[in-house]
Amino acid sequence: MTKTMNVMDVERKKEHTYMPLIFCAIVFFSLLLLRDSYSVGINKYIFLVIVCLSAVCMKMTHLIYLFCFLFPLYVGLPGNYLTLILLVRLLFDIHHVKASSFIITMVIAAYILLQNFFTGHTGIVPMMFIAGVILVLLLFTYKQNLDPFPMIMMYSAGVASLGLIMLISTLQVYDFSDLMSVAFRLGMGGVNYVEKGIMNVSIDPNFYGMYSIAAISLSFPYIFRLETKLITKVCLICFAIVQMVVALVGLSRAFVLVFVVWILLYLLHLLLQRNFKDAMIVAVILTAIMVFLFTFLPDVIETVLERFDDSDMVTGNGRITLIEKYVDEWGKNIFTIFFGVGLYNCNVHCTPLQFLFGGGLILFVMMVALVLSYRTTKTKKMKLFDYLPLIVTFISLCTVPAATLINSMFPLILIGLCMNHTKKRIEKENQE
């Protein structure tokens with residue numbers, strides 16, 4: 001009996017050995033940093049070879065955890081090929097899918113295929129939406145229980161890596177003072193640190209702010225769990241600080257507003273639960289971070305606050321103007337109302353409206369139905385706190401045009417996977 005238990009312990013330790021996973025993440029970070037910050041010539045096929053080897057050698061769960069790290073970095077990687085590799089590997093591991101989710105996914109894929117042909121968007125990027133929606137189906141129907149913690153940990157590390165590489169690379173070419181200008185913001189198209197047309201790690205600051213909100217809201221609760229190791233807590237705090245600093249340097253007002261909303265809701269939950277100890281710890285940590293920012297990055301704080309006095313606040317930095325423009329195009333006739341103006345013709349900076357105006361009522365209803373089909377059975381023990389990452393990330397998605405790329409939509413996908421796991425855990429506890 002003892003021998004059997006020892007064998008089980010060894011197997012359990014093997015299952016939770018993440019060293020190959022961590023090693024791969026470090027390799028990706030190092031190669032991207034060397035390529036973008038120090039102009040070391042690294043061919044994109046090197047990244048493909050690493051992922052192919054990982055797809056062959058890694059367990060399916062670990063490969064998914066690796067992609068949680070890679071999705072934020074897709075902007076500097078051959079993401080379309082990487083998506084196909086994960087898709088093919090998942091196909092070998094999935095033998096049964098939920099009928100409703102499968103049917104809706106196939107209808108959406110066919111709809112987008114036809115719309116792309118009719119609107120003339122037949123390139124690889126528009127067509128990859130089809131592969132992306134199928135990949136999401138496979139992720140939600142993967143039978144093995146994905147552990148939300150390594151997914152969150154790797155995603156948070158990926159978002160921090162994205163910001164760090166982008167900031168270091170930009171500062172190799174520009175002075176920090178240059179970034180304190182609205183016309184010259186970190187991650188914007190005018191800030192280039194490699195030759196035009198060459199792949200590099202750079203993303204719009206509002207998208208980075210959305211990634212950061214998702215990562216922080218998901219990872220922060222683990223800092224207060226007793227079972228979380230000290231080194232892990234330190235890593236999560238460091239990742240969060242990097243994400244906050246880069247989002248602020250990017251002068252993202254949307255990030256600041258949603259971040260404040262998250263803080264207030266998080267503290268409100270702790271106070272309502274009479275968890276005064278954790279509320280005090282959160283307040284102390286946030287105060288320490290603010291003191292750090294005001295002490296070492298006063299120009300950043302001042303510039304961000306000045307942005308709230310800009311004249312473009314009235315139109316939400318042009319977002320309202322774009323909504324008005326696409327409302328007119330969408331409402332032209334009954335055809336555009338039902339079938340949209342074309343998902344890749346619509347650049348409204350609000351993801352739900354992008355689906356509505358770009359895909360029409362038909363695609364919008366199908367996307368809502370698809371999301372609902374991924375839900376597990378309802379449980380009464382799910383609290384507001386469990387939905388908080390979903391709430392703040394969805395608010396952030398309403399400030400960016402994320403509908404057309406899976407890496408941009410992945411924060412919401414990750415939250416959905418984690419929430420499904422939480423529901424399963426609660427149901428299991430109820431049965432016991």
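Across the protein chain the mean pLDDT is 84, and 87% of the residues reach 70 or more; pLDDT is the predictor's confidence in each residue, from 0 to 100. This is a predicted model, in which local features need pLDDT of at least 70, side-chain atom pairs count only at pLDDT 80 or more, and totals for chains, interfaces and linings use all residues. Residues are numbered from 1 along each chain as its sequence is written, and side-chain values use heavy atoms, with hydrogens and water left out.

Confidence is lowest in helix 1 (residues 2-15), at a mean of 42, and highest in helix 4 (residues 60-70), at 95. Helices here are DSSP runs (H or I, at least four residues), numbered from the N terminus. Over residues 1-15 pLDDT stays under 50, and the model has four contacts for them beyond four places in sequence; a contact means heavy atoms within 4.5 Å.

What about disulfides? The count comes to zero, a disulfide being a pair of cysteine sulfur atoms within 2.5 Å.

| Cysteine | Nearest cysteine sulfur | Distance |
|---|---|---|
| Cysteine 346 | cysteine 350 | 9.6 Å |
| Cysteine 350 | cysteine 398 | 4.3 Å |

Cysteine 346 is buried, with a relative accessible area of 3%, and cysteine 350 is buried at 9%.

Definitions and conventions:
Buried < 20%, exposed > 50% of the residue type's maximum accessible area, 1.4 Å probe, protein only. Helix = DSSP H or I, 4+ residues; strand = E, 2+ residues; numbered from the N terminus.
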